[in-house]
Amino acid sequence: MIAYHYFDYKDTSKRHVRGLLASLLFQLSDDDNRCRDILCQLYNKCRYGSERPNETALAEGLKAMLKIPGQVPVFIVMDALDECPNTTGTPSARDEVLQFVKDLVGSNHSNLFLCITSRLEQDIQTVLNPLTSASCRVALHEESGQREDIDRFVRSFVFTDSAMRRWREEDKALIINMLSERASGM
């Protein structure tokens, strides 16, 4: 089973642990009747939807889904973790998500596989790096293929944009070089 969550900077409900958990629970329950039963139990405990479950109840629901006997491997992709706000205040939305990930990894579910994407933010690295070996981490911004893809994208845009097509060749080259070099893998 695969569940995917994008921490969308445009949608505040998707940049917090509550949005992450709700998304994962719904996706997993859509793929498996036993997971659906766990979600239904949570719904019933919340007075048939008249109350919102707290984040602890949502997290427990997810962990219960992962503990189902004979559960197939579960792959969870969390994309753009750096889009979680890292504001002052204790804890920030990002701190809460990172703590949840740390707890999830610490629960040692043998059928759970995580893929987390993010820009290289110090607070994220500080939490995530100890959770996995260096051989399991991939830094795409350091890969030549990533730089080549960015360069191809910028070139394509510069040479197909109607306004840019009229620019001098040296200006196009300057723009391509500057944007490609400063993209930092993004």
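**Close-up views of a predicted model**

**View 1. Strands β1 and β2 pair side by side.** Strand β1 and strand β2 (residues 74-79) run parallel and are joined by five bridges; pairing requires at least two DSSP bridges between two strands. Helices (H or I, at least four residues) and strands (E, at least two) are DSSP runs, numbered from the N terminus. Opposite M78 of β2 stands H5. In β1 (residues 2-6), A3 and H5 form the covered face, while I2, Y4 and Y6 form the uncovered one.

This is a predicted model, in which local features need pLDDT of at least 70 and side-chain atom pairs count only at pLDDT 80 or more, whereas totals for chains, interfaces and linings use all residues. Residues are numbered from 1 along each chain as its sequence is written, and side-chain values use heavy atoms, with hydrogens and water left out.

**View 2. Helices α2 and α3 cross.** The axes of α2 (residues 33-45) and α3 (residues 55-66) come within 9 Å and cross at roughly 155°; axes are lines fitted to C-alpha atoms, for helices over the stretch in contact, with angles from 0 to 180 degrees between N-to-C directions. Therefore α2 is roughly antiparallel to α3 (an angle over 145 degrees). From α2, C35, I38, L39 and L42 meet A57, L58, G61, A64 and M65 of α3, contact meaning heavy atoms within 4.5 Å.

**View 3. L112 is a buried residue of strand β3.** L112 lies in β3 (residues 112-116). Its relative accessible area is 13%, so L112 is buried (under 20%, with exposed over 50% and partly exposed in between; 1.4 Å probe, protein chains only). L112 and L66 are 46 residues apart in sequence, yet their C-alpha atoms are 7.3 Å apart. Leaving out residues up to four places away in sequence, L112 touches L66, V74, I76 and L104.

Methods
Parallel < 35°, antiparallel > 145°, perpendicular 65-115°, else oblique.
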